[in-house]
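Okay, thanks for coming, everyone. Let me put the structure up and then talk you through it.

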Amino acid sequence: MESIKMNETLYDLPAIESDCWSRIMDGVIQSSHPFHQSVFANGNTIGANMRMVVLRKASATEKTVSLYTDIRSSKWEELQKNQSISWLFYDHESRIQIRLSGKASLHQNDELANHSWDNVNLNSRKNYSSILIPSSEINDPKDILQQNLDTTTKDSEEGKENFGVVVTNILWMEWLWLNPGCHYKAKFIYSKNGEFTGSWLVP
Ligand SMILES: Cc1cc2nc3c(=O)[nH]c(=O)nc-3n(C[C@H](O)[C@H](O)[C@H](O)COP(=O)(O)O)c2cc1C
C-alpha cells in the first residue's frame with residue numbers, strides 16, 4: 001500500500017477511508033488504472049447478477065460511484081425493482097480489494113444524464129444506438145454490423161434516448177489489504193450525510 005506507510009498511519013481508519021476514495025477517483029480518470037473496469041452486481045429473480053462495467057464517475061464527498069449503460073439492458077430493468085447494488089475492485093499490484101454496497105438512483109433524460117451524454121465520445125455513443133435491444137437473440141452476428149456503420153454526430157444523438165446513468169449512493173465499504181505477512185481488513189458504514197463509522201475486521 002504505497003500511500004499509507006507502515007507506521008501509526010496504518011492504524012488510522014480515516015486515512016484508509018480517504019485512501020480508498022482516492023484510488024476510486026483515480027480509477028475514473030485513468031483508463032489504465034485497475035479500478036477503471038470493475039465488477040458491478042445486483043440482485044434479480046434468479047440470484048445475483050454480475051458483470052464488468054467501466055467506472056465513469058465517483059465523488060468522495062458525496063460517496064457516490066456511477067456507471068453508464070443502455071436503459072434497455074437487463075440491469076436497468078432489474079434495478080428498477082431492486083436498487084441494492086455492489087461494486088468490486090481489486091488492484092493486483094497493491095493487493096488491495098475494495099467492496100462497495102449501496103442504493104442505486106437511475107437517471108435517464110434528466111439533467112445529470114444529459115450532462116453525462118454531452119461528454120460521451122462519438123465512438124462510445126454507438127453503443128447506445130443499436131436498433132436491436134441489447135442481449136436480444138439474433139440469427140447471425142453480421143445482422144448488427146450494418147447499423148454500426150456510417151454513424152455521424154447527428155446520428156449518434158439517436159442513442160441518447162437509450163442512455164442511462166446508474167449512480168450508487170454508497171452505504172458500506174470494505175477494504176482488504178493482502179499485505180505479505182499480515183493482512184488487514186476494515187469496514188466503513190456511511191450515514192446519510194456522508195459521515196462514516198470505521199471498524200477493524202479480522203482479515
Ligand atoms: C471490460 C468491460 C467493460 C464493460 N463496461 C460496461 C459499461 O460501462 N456499461 C455497461 O452497461 N456494460 C458494460 N459492459 C458489458 C456488461 O458487462 C454486460 O455484458 C452488459 O452491460 C449487459 O449486462 P446486463 O444484461 O446484465 O444488463 C462491459 C463489459 C466489459 C467486458
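I'll go through a helix, then a strand, then the ligand site.

Keep in mind that this is a predicted model. Let's start with α1, residues 13-29. That's 17 residues reaching 25 Å from the first C-alpha to the last, close to the 24 Å expected. So which residues of α1 are buried? Those are Ile 16, Asp 19, Cys 20, Arg 23, Ile 24 and Gly 27. Looking down the axis of α1, the buried residues fall within an arc of 135°, so they line one face of the helix. Over on the other side, Pro 14, Ser 22 and Ile 29 are exposed. And what covers that buried set?

Next up, β1, residues 37-43. Its covered face has Ser 38, Phe 40 and Asn 42, while Gln 37, Val 39, Ala 41 and Gly 43 sit on the uncovered one. β1 runs antiparallel to β2, with seven bridges joining them, and the hairpin between the two goes through four residues. Ser 38, for instance, has Val 53 in β2 as its bridge partner. β1 also pairs with β5, again antiparallel, through four bridges, and there Ala 41 stands opposite Ser 86.

Now the ligand. It has 13 residues around it, and the closest are Arg 51, Thr 69, Ser 73, Ser 74 and Lys 75. β2, β4 and α2 each give two or more residues to that shell, with β2 giving the largest share, five. By class, the shell is five nonpolar, six polar and two charged residues.

Conventions: Residues are numbered from 1 along each chain as its sequence is written. This is a predicted model: local features need pLDDT of at least 70, side-chain atom pairs count only at pLDDT 80 or more; totals for chains, interfaces and linings use all residues. The expected span of a helix is 1.5 Å times one less than its number of residues. A residue is buried if 20 or more other C-beta atoms lie within 10 Å of its own, exposed if 12 or fewer, and partly exposed in between; C-beta atoms are placed from the backbone. The arc is that of the directions from the helix axis to the C-beta atoms. A residue is near a molecule or strand if its C-beta atom, placed from the backbone, lies within 6 Å of it. Ala, Val, Leu, Ile, Met, Phe, Trp, Tyr, Cys and Pro count as nonpolar, Asp, Glu, Lys and Arg as charged, and the others, Gly among them, as polar. Two strands pair if DSSP finds at least two bridges between them.
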